Amino acid sequence: MAFEQTASVLGSPVSYRLHPDSKRYTLRDNGFTETNGGNYQLIRPLDATPQSKEGFKLKITVAKDIKTMKMSITTANGLRAVDIFKDPKQKMSQDKFYFLMDSMISRGLFEKVEG
């Protein structure tokens with residue numbers, strides 16, 4: 001998956017882009033860690049309980065220039081992207097995904113992209 005100006009997870013009707021004011025320290029303050037390649041990555045579980053090792057994970061990677069990004073929801077081992085929006089049983093995971101994204105929007109990291 002390549003870095004893009006706007007990104008969305010599989011099946012989601014909403015796309016996101018980096019806020020123009022996003023900075024390195026803003027990413028770090030919100031839980032992103034720097035990878036060996038200089039990019040910034042955030043991995044958050046979407047399970048009911050944080051201690052659970054199964055379930056889905058939200059994975060967001062921001063390029064080191066802080067202009068492009070990619071994001072996906074993966075299986076617990078992180079190897080395969082999944083679509084949590086096609087199954088109504090995944091409502092809690094969907095709500096948690098939107099909650100995490102809305103909290104990062106309110107902190108000035110991302111913006112919703114219309115259309």
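How many residues lie between strand 5 and strand 6 in their hairpin, and which residue in the turn has a positive phi? Six residues lie between the two strands, and the residue is Ile66. The legends below describe close-up views of a predicted model.

Figure 1. Strand 5 (residues 57-62) and strand 6 (69-74) pair in the antiparallel sense over six bridges. Thr61 stands opposite Lys70 in strand 6, and Lys59 has Ser72 as its bridge partner in that strand. Ile66 lies in the loop between strand 5 and strand 6. The phi of Ile66 is positive, about 55°, although Ile66 is not a glycine. Most residues other than glycine have a negative phi. Ile66 counts as buried because its relative accessible area is 15%, under the 20% limit.

Figure 2. The strands follow the order 3-4-5-6, and the pairing is antiparallel. Strand 3 and strand 6 are the edge strands, each pairing on one side only. Strands of a sheet pair through backbone hydrogen bonds, either parallel or antiparallel. Strand 4 (residues 40-45) is joined to strand 3 (residues 33-34) by two bridges. Strand 4 is joined to strand 5 by six bridges. Tyr40 stands opposite Val62 in strand 5, and Pro45 stands opposite Lys57 in strand 5.

**Figure 3. The hairpin of strand 3 and strand 4.** The two strands run antiparallel. Thr33 has Gln41 as its bridge partner in strand 4. Five residues lie between the strands of this hairpin, and Gly38 takes a positive phi near 90°.

Figure 4. The order here is 1-2-7, with antiparallel pairing. Strand 1 and strand 7 stand at the edges with a single partner strand each, so one side of each is left without a neighbour in the sheet. Strand 1 and strand 2 pair over two bridges. Thr6 stands opposite Arg17 in strand 2.

Figure 5. Ser8 is placed in the loop between strand 1 (6-7) and strand 2. Ser8 is classed as partly exposed because its relative accessible area is 27%, which falls between the limits of 20% and 50%. Apart from neighbours within four places in sequence, Ser8 is in contact with Val14, Ser15 and Met71. Ser72 is 64 residues from Ser8 along the chain, and the C-alpha atoms of Ser8 and Ser72 are separated by 7.3 Å. Ser72 is also the strand 6 bridge partner of Lys59.

**Figure 6. Helix 2 and what covers it.** Helix 2 (residues 91-106) has 16 residues. From its first C-alpha to its last, helix 2 reaches 22 Å, close to the 22 Å expected at 1.5 Å a residue. The buried residues of helix 2 are Ser93, Gln94, Phe97, Leu100, Met101, Ser103 and Met104. In an α-helix, residues three or four places apart point the same way, because there are 3.6 residues a turn. The cover over the buried residues of helix 2 includes strand 2, strand 4, strand 5, strand 6 and strand 7 (110-113). Gly108, whose phi is positive and near 85°, follows helix 2.

**Figure 7. The largest pocket.** The volume of the largest pocket is about 150 Å³. Its lining consists of Gln5, Arg17, Leu18, His19, Pro20, Ser22, Lys23, Arg24, Ile66 and Lys67. These divide into three nonpolar, three polar and four charged residues.

Figure 8. Lys23 is found in the loop between strand 2 (15-18) and helix 1 (24-29). With a relative accessible area of 37%, Lys23 is partly exposed. Lys23 and Leu100 are 77 residues apart in sequence and 19 Å apart in space, C-alpha to C-alpha. Leu100 is among the buried residues of helix 2.

Definitions and conventions. Residues numbered from 1 in each chain as written. Predicted model: local features only at pLDDT ≥ 70, side-chain atom pairs only at ≥ 80, totals over all residues. Heavy atoms only, no water. Pairing = 2+ DSSP bridges. Helix = DSSP H or I, 4+ residues; strand = E, 2+ residues; numbered from the N terminus. Buried < 20%, exposed > 50% of the residue type's maximum accessible area, 1.4 Å probe, protein only. Expected span 1.5 Å × (residues − 1). Contact = heavy atoms within 4.5 Å. 1 Å grid on protein atoms, 1.4 Å probe; cavity = no way out; pocket = protein on both sides within 12 Å on 5 of 7 lines; lining within 4 Å. Points joined across faces, edges and corners; volume = space filled by probe spheres on them. Nonpolar A, V, L, I, M, F, W, Y, C, P; charged D, E, K, R; others polar.
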